[in-house]
Amino acid sequence: MIDSTNQSLADFVFASKTRKFATGKQRHVTDAFRTVCWFHYLRRATGARTTYQMDTLVEIADASAARDPQDKKNKWRGYSHGRHTPSPQLVQEIDGRFPEAAHLLNHPLWSVLRMDGNTEEQVKALLIQVHPDVFAVIRPKSWTGHTPLTLDGWNKRRLRGLEQQVSLDTLASLVLLLRLAANAKESKLSFEFGASVCRVLLMMGPWLKAHGIARPLSEYLTEHVLVLGHHNGQHHCF
């Protein structure tokens, strides 16, 4: 089974047949990130060591008696590279035994990482799913029911509080905050958010490695996100 976690971003994009600047019906590399994560979550949950075992342990186990067994290992091999995204039907079929898989596949982080996305819509999508512990940090003290993701009131202590909630929710929140700061030309603040992104990436390293996207995701963030957080001619990189 190919281990994509140490691939360069360029190799990851090539293997997944995606694009970093997708248009129309082309698949964006973020589609590969989420598919590979989904695949490795199921691989770890089932203990599968090969794509053949993935077919047996994930799909055939869920097939009804009326359905003829099918050899789907090539399809699962494609998922391991991120070459195609699982269908909603398949995700729904296995949801009963692997409920976290659907949440991971549809996590708002993957949308947040698209630089061509509407930040306002991305904020709304994030806040629907964000964990209460993360929400408690990103919500300003003066919050009145409007969007809690603002640039007001951020300091090093509050940032450290967010960094301690190590998760995809945290990473998504920091990426959005960095983008919002960059759009508002708050260069010093965007630079601080960039440092936080790097620290969270470091703490998430074992999880990202286990889910097949450690190096390509860090390179993507360096090239497309951290570069926005420049201050005095410098920006962070990972």
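# Reading a helical model, one feature after another

Reader: Let's start with one residue. Does histidine 107 count as buried or exposed?

Author: Histidine 107 counts as buried, because its relative accessibility is 4%. Buried means under 20% relative accessible area, exposed means over 50%, and partly exposed lies in between, with a 1.4 Å probe and protein chains only. This is a predicted model, so local features need pLDDT of at least 70 and side-chain atom pairs pLDDT 80 or more, while totals for chains, interfaces and linings use all residues. Residues are numbered from 1 along each chain as its sequence is written, and side-chain values use heavy atoms, leaving out hydrogens and water.

Reader: Where does histidine 107 lie, and which residues beyond its sequence neighbours is it in contact with?

Author: Helices are DSSP runs of H or I with at least four residues, strands are runs of E with at least two, and both are numbered from the N terminus. Histidine 107 sits in the loop between helix 6 (99-105) and helix 7 (109-112). Contact means heavy atoms within 4.5 Å. Setting aside neighbours within four places in sequence, histidine 107 touches Gln129, Leu168, Asp169 and Ala172. For a polar contact, look for a pair of N or O atoms within 3.5 Å; within protein, one must be able to donate a hydrogen and the other to accept it, and residues adjacent in sequence count only if both atoms are side-chain atoms. Here the side chains of histidine 107 and aspartate 169 are joined by one of 2.6 Å.

Reader: Now the whole fold. How many helices and strands are there in the protein chain?

Author: The protein chain has 14 helices and zero strands. As for overall dimensions, the radius of gyration is taken over C-alpha atoms, and the globule rule is 2.2 Å times the number of residues to the power 0.38. For 238 residues a compact globule would come near 18 Å, so the 19 Å of the protein chain agrees. Its C-alpha atoms fill a box of roughly 60 × 35 × 35 Å along the principal axes, and 47% of the 238 residues count as buried. Among contacts between residues at least 6 apart in sequence, 67% join residues at least 24 apart.

Reader: How many aromatic pairs does the structure hold?

Author: Rings of Phe, Tyr and Trp (its six-membered ring) pair if their centres lie within 6.5 Å; planes under 30 degrees apart count as stacked, over 60 as edge-to-face and the rest as tilted. The structure holds seven such pairs. One of them, phenylalanine 39 with tryptophan 76, is tilted, at 6.3 Å centre to centre and 45° between the planes. Phenylalanine 39 counts as buried at 0% relative accessibility, and tryptophan 76 is buried with a relative accessible area of 0%. Trp38, Phe39, Trp76 and Tyr79 form one aromatic cluster.

Reader: And helix 2 itself: how many of its residues are buried?

Author: Helix 2 is mostly covered, with 13 of its 18 residues buried. Glycine 47 follows helix 2 and has a positive phi, near 80°.

Reader: Which elements do the buried residues of helix 12 pack against?

Author: Those residues, among them Leu189, Phe193 and Val197, pack against helix 10 (156-163), helix 11 (168-183), helix 13 (205-210) and helix 14 (214-224).
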